[in-house]
Amino acid sequence: MDRETWLREREALLPREKAHTREGDAIAAARRRLPMTEIEPIALVGAGGPTPLAEIFQGRDQLVVYKHMWHEGLPFEAQCEGCTASIWDFHDAAYLEARGVSFAVFGEGPFAEMAPFKEFMGYTHDWYSTYGVDDPAYAGGGILACYLRQGDRFFLTYESTGRGVEAIMASHKLLDLTVYGRQEVWEDSPEGWPQEPTYTRWRRDGRPVPQWTRPAVTPVHAHNPQHCH
C-alpha cells in the first residue's frame, strides 16, 4: 500500500500500544506496593571466596539477580540456552547502578565449575554460587529476583517466573516489533508467515547461539538439552 495508507494503519494501532504501556506502568506501580519478605543473610561463593550478602550489594540499597540454571558436570555447550541468551542480552549494569541498584548472577552450580564458563562467555557481571543452598530466596534457576537492604536487614521484594524473564531479553522484545515476529509456532501470525518449533533457533551446531561470538568455537555433537529457560 502507499505510505499514507500505511501511516493510517500504523496510527490505528498506536492507541493499543499506548494502552499496553500504561498498563505496564500500572503493574509496575502495583509491584512497588507488594509486601516484602525478610530473608536470612548468607554468604555465597564468588570470585573472592565466600561473600556475605551485604558485600554482594556492593554498597547499594538494592540488588537485582538473575538465577542461572546449571547442569553440573556438563560442558559449556550443554548449558541452558535460555540462561545463556538472557545474560548475553544484558552486558552492563551502569544505569542500574546509577539508581542505586547492583546486578549479579546466582548460579546453581559449583563456582569452580561456573567460573570458566563466565570467562569463556565474557560476561561482565559478578557471579555467585548457590550450590548446596536450599533457601528459595537464593536458590532456584531461570528467574529474576529483586532484593532490598535496610541497614543490616534484607528483603526479597519481587521475583519473576515463566515468561517474566523476558524483562532481560531485549532481543526478543525487538523481534516482537518485526513483521515476522519471533517466528515460533505459538505466535498468532498471518497465514504463510515463517514459523518453526519453539526454541529452534536458540541453538546452532550444538551450541547456544551466543557461544558463536566466542573466539575459535567449533561445532559440537548436539546434546539433548532440557529446555530449561
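Residues are numbered from 1 along each chain as its sequence is written, and side-chain values use heavy atoms, with hydrogens and water left out. Because the model is predicted, local features need pLDDT of at least 70 and side-chain atom pairs count only at pLDDT 80 or more, whereas totals for chains, interfaces and linings use all residues.

**Overall layout**

The protein has 6 helices and 10 strands; these are DSSP runs, helices being H or I of at least four residues and strands E of at least two, numbered from the N terminus. Its C-alpha trace spans about 65 × 50 × 25 Å along the principal axes. Of the 229 residues, 35% are buried (buried means under 20% relative accessible area, exposed over 50%, and partly exposed in between, with a 1.4 Å probe and protein chains only). Among contacts (heavy atoms within 4.5 Å) between residues at least 6 apart in sequence, 61% join residues at least 24 apart.

**Nonpolar cores**

In soluble globular proteins, nonpolar side chains tend to be buried together. A nonpolar core is here a set of buried Ala, Val, Leu, Ile, Met, Phe, Trp, Tyr and Cys residues joined through side-chain atoms within 4.5 Å. The largest one has 23 residues, and those with the most contacts inside it are Y66, F103, F117, Y123, W127 and I168. At least two residues of this core come from each of β4 (62-68), α3 (81-88), β5 (101-107) and α5 (111-121). The largest share, 4 residues, is that of α5. Beyond its neighbours within four places in sequence, I168 touches Y66, S86, D89, F90, F103 and L144. Another core, of 16 residues, lies apart from the largest one and includes I56, A137, A145 and L156.

**Helix α5**

Which residues of α5 are buried? They are F111, M114, F117 and M121. Seen down the axis of α5, its buried residues fall within an arc of 125 degrees, so they line one face of the helix; the arc is that of the directions from the helix axis to the C-beta atoms. On the other side of the helix, A112 and E119 are exposed. The buried residues of α5 pack against β2 (43-46), β4, α3, β5 and β6 (126-129). P116 also has its place in α5 and, at 38% relative accessibility, counts as partly exposed. P116 and F76 are 40 residues apart in sequence, with their C-alpha atoms 9.0 Å apart in space. After α5 comes G122, whose phi is positive, near 75 degrees.

**Pockets**

Pockets were found on a 1 Å grid over the protein atoms alone: a pocket is an open set of points where a 1.4 Å probe fits, with protein on both sides within 12 Å along at least five of seven lines, and lining residues have an atom within 4 Å of a point. Grid points are joined across faces, edges and corners, and a volume is the space filled by probe spheres set on the points.

The largest pocket holds about 2000 Å³ of space. It is lined by 46 residues, of which H20, G24, E166, K173 and D176 are the closest to its centre. Elements that each supply at least two lining residues are α1 (3-32), β4, β5, β7 (143-150), β8 (153-159) and α6 (170-177). Helix α1 gives the most, with 14 residues. By class, this lining has 25 nonpolar, 8 polar and 13 charged residues; Ala, Val, Leu, Ile, Met, Phe, Trp, Tyr, Cys and Pro count as nonpolar, Asp, Glu, Lys and Arg as charged, and the others, Gly among them, as polar.

The second largest pocket has a volume of about 510 Å³. Its lining consists of 20 residues, and H172, L175, R201, W202 and V209 lie nearest its centre. Two or more lining residues come from each of α3, α6 and β9 (203-204). By class, this second lining has 7 nonpolar, 5 polar and 8 charged residues.

**Single residues**

Most residues other than glycine have a negative phi. Y199 and A216 have positive phi values although neither is a glycine.

| Residue | Phi | Place | Relative accessibility |

S160 has its place in the loop between β8 and α6. At 3% relative accessibility, S160 counts as buried. Leaving aside neighbours within four places in sequence, S160 is in contact with I143, L144 and V165.
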